[in-house]
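Please look over the sequence and the model first.

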Amino acid sequence: PQPLSYTLVITGAPWATQAPQTALSFAQALLKAGHRIDRVFLYGDGVPLASALSAPPSDGNLAATVVLFLSAHNITAVACIASALRRGIVDKTEQARYELTASNLRAPFEIAGLGEWVEGNLKSNRVLYFHGT
C-alpha cells in the first residue's frame, strides 16, 4: 500500500480529555506503518498543550512527550493564533504586540492562523480530528 500523509487536528483539552493522548498514539502508529504526518494543528481547547507554563498531573507529562515526538520526527506543530490568544498562550511576537510581560509558547509549536489548517486540508491525504467529549 502507498504511504499516506496526514494532518492531525487536536481540539480536546490536554488534561480534561483523551484527545491529545489518542492523537499521539495514532501518530506513533502512523509513522511505524510508514506514513507521514504533515502537521499537528492545535485548535480550541487543544491549544493548552502548547503552553510552557502548564503543570501536568504527577502521573506523566503528556506535553513533554508530545514535544519530544514532534521534534524527533521534525513534524510541523501549530497552535491556532485566535485560540491561543484567548487562552493566554503567546509567542515572542504576540508578547511584543500586546506588551505582555512574558511569552509561554512551548517549542516546537508555532502560532499561526487558520491558513495552516487550510494548507493541511489541501496538502495531506487525510485530516483527522481528535475532539474532547
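The model is a predicted one. Its largest nonpolar core has 29 residues, and those touching the most other members are Leu8, Ile10, Ile37, Val40, Leu42, Leu70 and Phe109. At least two residues of this core come from each of strand E1 (5–10), helix H1 (19–32), strand E2 (36–42), helix H2 (62–72), strand E3 (76–80) and strand E4 (109–112). The most is given by H2, with six residues. Another core, of five residues, lies apart from this one and includes Val9, Val78, Cys80 and Ala112. In soluble globular proteins, nonpolar side chains tend to be buried together.

Ile10 can be looked at by its contacts. Beyond its neighbours within four places in sequence, Ile10 is in contact with residues including Ala19, Pro20, Val40, Leu42, Leu49 and Phe130.

E3 pairs with two strands, as the table shows.

| Strands | Bridges | Direction |
|---|---|---|
| E2 and E3 | four bridges | parallel |
| E3 and E4 | four bridges | parallel |

Arg39 has Thr76 in E3 as its bridge partner, while Cys80 has Ala112 in E4. E3 is mostly covered, with four of its five residues buried.

Ala102 sits in the loop between helix H4 (92–97) and E4. Ala102 counts as partly exposed because its relative accessibility is 42%, between the limits of 20% and 50%. Not counting residues up to four places away in sequence, Ala102 touches Val90 and Gln95. From Ala102 to Tyr129 the C-alpha to C-alpha distance is 31 Å, and the two are 27 residues apart in sequence.

Notes. Residues numbered from 1 in each chain as written. Predicted model: local features only at pLDDT ≥ 70, side-chain atom pairs only at ≥ 80, totals over all residues. Heavy atoms only, no water. Core = buried A, V, L, I, M, F, W, Y, C linked by side-chain atoms within 4.5 Å. Buried < 20%, exposed > 50% of the residue type's maximum accessible area, 1.4 Å probe, protein only. Contact = heavy atoms within 4.5 Å. Pairing = 2+ DSSP bridges.
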